[in-house]
Amino acid sequence: MLRLSVFLLAALILAACTPTREVAQDTMPPPPRPEVPREFRAAWIATVDNIDWPSRPGLPVVEQQAELRSLLDRMQRLHFNAVILQVRPTADAFYASRYEPWSAYLTGQQGAAPEPYYDPLAFAIEEAHKRGMELHAWFNPYRAYHPTNPGELDTSHIQFTNPDVVKQYGDLLWMDPSEPIVQQRSLDVILDVVERYDVDGVHLDDYFYPYPKDDSLGNEIPFPDSTSWARALEADATLDRGDWRRQSVDGFVERLYNEVKAAKPHVKVGISPFGIWRPGYPETVRGFDAYARLYADARKWQQEGWVDYLAPQLYWAIDKDGQRYNELLEWWASQNTAGRHLWPGNYTSRLLFDTWEPSEIVEQIRLTRANSVTDGNIHFSAKVLRDTSSAMGPALMEEVYAAPALIPASPWLDDTAPAAPTVGTERLGEALALTMGPGGGSMPEPVWVYVVQRRHGATWHTEVVPGWQQSVPLGQGMDVPDAVVVTAVDRLGNASAPVDVDLMDGDMAAR
């Protein structure tokens, strides 16, 4: 009898407790909506020597376009949000230039337009924007010829139109950076692109004065700028030759920034200098002196605010004695007194020919994220992402790029948030779809991307949707999410207030 009483008592206790647990579960608040990470994720698409695209000179147009679409698709799947496309490798053009001939790396013969005709830069911009990715046009301001150039130079090339300012330097032709004609020509070329194309940024690499070359006896060849130097001396120049060269480069960089902003303030200006400013900065660093040999004072450009982003090429391993990745990263971050973006360049393609493993790049990205000043990385180059046999793409996706990211905002250019988007739902048969559009009344600001976040139970899923896209399927029946929140983001990364979608009748309620 005692055993029966104990059993009944236990059953009553269990019955009393069970509903309490169920009620507690039902009343637990849903998990908070996660913040979308802010991180510039880009890759350089190099066209010189057909490093990345197109795969060979003179590739048929339909194949050129298919290659670029495939590459952008691959980058989109890996959650990249920007590309940096080389459009002027050697005083030539991957677009319909008003100043320079079509590139031989595109058509096989300099000066020959694509046949059938299309404009590769316009095409690339359209395809990148379709995928919600920025496109930055990459220019080399001074190189006029590279020995990999196929065929002869076109008669419209600067070597023929202004031969006095083009210098033979080893196996290269180089425009003298201190010649006013050269500076104006390069500025005209870049501003022509800014004014006529919907680019998101313009970009220079590390080539200012050329990297030193040796003659057949092993002696360094001096850069042949005696004509422009003699002119400076006649004008009573007070600087030594090195400072005079740096002054010429500085003046070009400052003018470039100011003139791009005057033309289109939202277009970002970025430069990717050699990763060492000077040996000894910081103390542990040894190596090439870009300040003294390329006459590139990248620290000055960063501190003067003549760039919207600086991307020093930190192409060494984390444990490389004399050029340790994190020591250089921290030094560049410490110099960023103007508060511009700092997006280091990573030598990701080194995996294709060296002993590096994907973990090297993954850890470099993690070190970048751990630094409070840096907010992105640029990968050199796209070929390692294009190569589906490489383990780099999967490593990025699994380890560091598993979720999409928004490009960091640039508040010195624009800090005004767009209006909250208009959202709703519509039935497509048995399925439910999200509809969305820009807010702001009769003159809405265009939406660059929408952030669509949906919750199923305790799990949130985030999707970054290009601004042209006006609907997203939400599923049907049990597949319909429990909650959906939409945020509009403008071209410079400013985010609107998030908007809850009423999944019952499609009405919206701004938070």
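This is a predicted model: local features need pLDDT of at least 70, side-chain atom pairs count only at pLDDT 80 or more; totals for chains, interfaces and linings use all residues.
Let's begin with helix α6, which covers residues 180-196. Its 17 residues reach 24 Å from first C-alpha to last, close to the 24 Å expected at 1.5 Å a residue. Among the buried residues of α6 are Val182, Leu187, Ile190 and Leu191, and the list also includes Gln183, Arg185 and Asp192.

Next comes the sheet. Here 3 strands form an open, antiparallel arrangement in the order β4-β6-β5. The edges are β4 (143-145) and β5 (166-169), each pairing on one side only. Neighbouring strands are turned by 35 degrees against each other on average, direction ignored. Between β5 and β6 (residues 172-175), the antiparallel pairing runs over 4 bridges, and Lys167 stands opposite Trp174 in β6.

Trp174 also leads us to the rings: ring pairs link Trp174 with Tyr207, Tyr211, Phe274, Phe288 and Trp316 in a cluster. A search of the whole structure finds 30 aromatic pairs. One of them joins Trp331 and Trp332 edge-to-face, with 5.0 Å centre to centre and 80 degrees between the planes. Trp331 counts as buried because its relative accessibility, 9%, is under the 20% cut-off. Trp332 is buried too, with a relative accessible area of 1%.

Two arginines sit over aromatic rings, as the table shows.

| Arginine | Ring | Distance to ring centre |
|---|---|---|
| Arg143 | Tyr207 | 5.2 Å |
| Arg299 | Trp277 | 3.9 Å |

How values were computed: Residues are numbered from 1 along each chain as its sequence is written. Side-chain values use heavy atoms; hydrogens and water are left out. Helices (H or I, at least four residues) and strands (E, at least two) are DSSP runs, numbered from the N terminus. The expected span of a helix is 1.5 Å times one less than its number of residues. Buried means under 20% relative accessible area, exposed over 50%, partly exposed in between (1.4 Å probe, protein chains only). Rings of Phe, Tyr and Trp (its six-membered ring) pair if their centres lie within 6.5 Å; planes under 30 degrees apart count as stacked, over 60 as edge-to-face and the rest as tilted. A charge sits over a ring if NZ of Lys or CZ of Arg is within 6 Å of the ring centre and within 35 degrees of the ring normal. Two strands pair if DSSP finds at least two bridges between them. Axes are lines fitted to C-alpha atoms, for helices over the stretch in contact, and angles run from 0 to 180 degrees between N-to-C directions.
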